[in-house]
Amino acid sequence: MEETCIEVDQYPAKRKASSICEKNISLTATIGESDNHSSSPLMHFPKEIWSHIFNYVPQNDRLAHRVVNKEWCKNIDEFSTVDVNFNADYPQTKYRKRVFELRIRNCTFSSLHVPFSPDFKNPLLVKEITFTTHVSSSNVLKVLSVCSNVESLRFLTTMSSETSFKEDETTSNVFNNLKNLQYLEIGILTFLDRCPKTRSKTYSAIIGNDNVLLPSLKELRVAFLVLHIEWFQLFKFVSRHSVTLKSFNVMSPCGERIVGGEQRCKDTIVQKGLTFPQLDTLIVNGVSECACREDIWLLLDQQKQLKRCETDISQGALFLKEVIERNHKTIRVLKLHEISNLDSDELSCDMFRKCSSLQDLYLRFEWGFVIVVNVGGGTSKSRVPVLYNLESLPESLKRLTLCGSQLLSDELDSLFSKKRVLEEVTLGKAETLKAKNTGLTSKILTKMLENLEKLRKVRISIDMICEHECREGNYCGDLNGIWLKIWELAKEMDVVDNEIGDYEGRCCGPRYNEETCMSHQPFIDMVFKTDPLRVSFLNRLKELQSQDDAV
Amino acid sequence: MALVRVISSDGAAFLVSQRLAKRSGKLKTEIETFRKSSDNSEAQPEIRIVTIRAEILRLVLQWLQQHQNDPVLPANQNEQDGRGDAEMGQSQWDRDFLAPMDLGIVMELILAANHLEVKGLLDITCKLVESKITGRTVDEIRTAFKLKSDFKGNEEEQTRLENRWCVEN
């Protein structure tokens, strides 16, 4: 029903309202009042409005506009927050004091090795702190002592410039006072192999300190090679925070095969009945060769509300199926590397059917366990699992990556024959023998471009292309037939993705069809920056196919 | 239909349904206060807004009427969380509504939306002012908002040097 809003009459200006009047008018000024400093009504805005507007203005603009006039500068300084990069070696040290008078929200410290007094005017406003190279432990503790409201804390140092924390009471007191700390990251930037003697002091003083307890900790990220003795410390730390922890992200926990006899975390989980009721993000990579993967299995085995799971733990299809079954209502990102030890020759995508929130699926099969499809009931020469039922992949998917597997053309055809919201598709390296009727054909590519209306990125390993349509012999790196024309068309229409990283990018497509490239698996990378570009490419592709069919 | 009489600072009266008026946090509080203090449950509340003139009040009510079926946004929503609300909530109607207004009217509307606690209107008007700030040079800001520099000597240069500590995240 439409609501009424009617202008009824004009009151004399001085007539008073009969029943109620506004009280306690909160405006700081009335529009139209003259002012000595400025004629702009903007300058009369109360704090909350300035904050509201500055909330939308990027920091670079806000900083540049500090010289508009003194009042504007004052408003920016008082009503907005800034991110500061504080390098103590910076020559303009005379402005240091002035900088700490700003309302700092995010501060990055580097080269802070000389005695320093953190004169923050608004220390409790600081929410994010990053310590990078050459910051002494005493300065870290001084900063954290005054900025006790910090919510995000990152240590990004090199082994040679690490803080030299002691695992003493002072350290634990300072950390235990960070009642609002939600995110903790420790990353050691080192390119050298670590040996047990070069344990991270930051890590030992925080993670390895049994007295440290952060009551609000939700996210933990350890981004460096953790030695196995540190893994046990890490697990103890994680166990202490199991009630609040939502995200656990650790890279390469061990990086080395653990031999028997070490302390294990298993007992902690099994005997103490440890649970992680809040945990929804588990990112653990580098464990496929490591005994600590059993700890991760145990951890995974009890989760029922994961939203994001990325791991390379080597496990069977049954385990995988159970994890998906338990978390199917919540899982949004599932990235499984080095899938191996499959329990049977078959791996059905049917297990993903109920994952109605799944947006990002990444499956990379371990080298040597890639899939060869056994077509027509013949006998396969080797034991190979088959990934099938691609059609049952959930319609919520936005990104799909299938690597290390060969796929039936019919399966791919059914996958791309219906409308989907997929934005990125990667069909990656198979590097194995191919059976007949496997891989992508140009017609399937057409269907992909036709039905995936939101498609922006396509990455196709050349050995994923249907053999009879593309290549002569088992020779990677050469395209011919219609796929060569497709590649030429992609270059002509400028849809070749030039922003692929160097790691795999140097073997992107046949444009680097040099001898050095032959040992790699080249890719066709296409990016459609706009939807009309996708449609134009599709139309040209159809023309190509008509010509090819006529021939 | 229960009505409320809302009177502007210059004496113009608007009859507004209470349901519509209650989409303003301020008017809702005033109506509830009136109900508690009044013996007659049928009496029509009358609220005088002494800081908002008729032209602006009319615009606020017009906006409320257009958005009467929108979900009410909490006034104390976290600033960081609120980022992007304005873009998400800005319809073609909103754009047409704001298009003919000069900056002076927009700024009055911001004050009115803030005072009457109409968060959606506050968001889109603040975003409009932001669009006059973001990406503009210092001189363009001074011209747009009729401001003059009052820095003396090397004060302006010193202020610029302070900025070098700060980085875009």
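The side chains of A:Asp360 and A:Arg399 are joined by a polar contact of 3.2 Å. A polar contact here is a pair of N or O atoms within 3.5 Å; within protein, one must be able to donate a hydrogen and the other to accept it, and residues adjacent in sequence count only if both atoms are side-chain atoms. This is a predicted model, in which local features need pLDDT of at least 70 and side-chain atom pairs count only at pLDDT 80 or more, while totals for chains, interfaces and linings use all residues. Residues are numbered from 1 along each chain as its sequence is written, chains are lettered from A and ligands numbered from 1 in the order in which they are written, and side-chain values use heavy atoms, with hydrogens and water left out.

Where does A:Asp360 sit? You will find A:Asp360 in strand 14 (residues 360-365) of chain A; helices (H or I, at least four residues) and strands (E, at least two) are DSSP runs, numbered from the N terminus. A:Asp360 has a relative accessible area of 9% and is buried, where buried means under 20% relative accessible area, exposed over 50%, and partly exposed in between (1.4 Å probe, protein chains only). Not counting residues up to four places away in sequence, A:Asp360 touches several residues, including A:Arg332, A:Leu334 and A:Leu397; such a contact means heavy atoms within 4.5 Å.

Now look at A:Asn149, in the loop between helix 5 (137-146) and strand 6 (152-157) of chain A. A:Asn149 is partly exposed, with a relative accessible area of 22%. Its side chain and that of A:Asn180 make a polar contact of 2.8 Å. A:Leu124 is 25 residues away from A:Asn149 in sequence, yet their C-alpha atoms are 5.3 Å apart in space.

Let us move on to strand 18 (residues 457-461) of chain A. Four of its five residues are buried, so strand 18 is largely enclosed by the rest of the structure. Strand 17 (residues 424-427) of chain A runs parallel to strand 18 and is joined to it by four bridges; two strands pair if DSSP finds at least two bridges between them. Here A:Val425 stands opposite A:Val458. Strand 18 also pairs with strand 19 (residues 523-527) of chain A, in the antiparallel sense and over five bridges, with A:Val527 as the bridge partner of A:Lys457.

Next comes helix 17 (residues 531-550) of chain A. Its buried residues are A:Leu533, A:Arg534, A:Phe537, A:Leu538, A:Leu541, A:Leu544 and A:Gln545. They cover an arc of only 135° around the axis, which puts them on the same side of helix 17 of chain A; the arc is that of the directions from the helix axis to the C-beta atoms. On the other side of the helix, A:Pro532 and A:Ala550 are exposed. The cover over the buried residues includes helix 13 (442-451), helix 15 (481-492) and strand 19 of chain A.

Finally, turn to chain B, which has ten helices and three strands. Of its 169 residues, 51% count as buried. UniProt places the feature "domain: SKP1 component dimerisation" (unreviewed entry) at residues 119-166 of chain B; its positions are given in the numbering used here, feature names are shortened, and annotations may be inferred rather than shown by experiment. Over residues 119-166, chain B is 65% helix and 0% strand.
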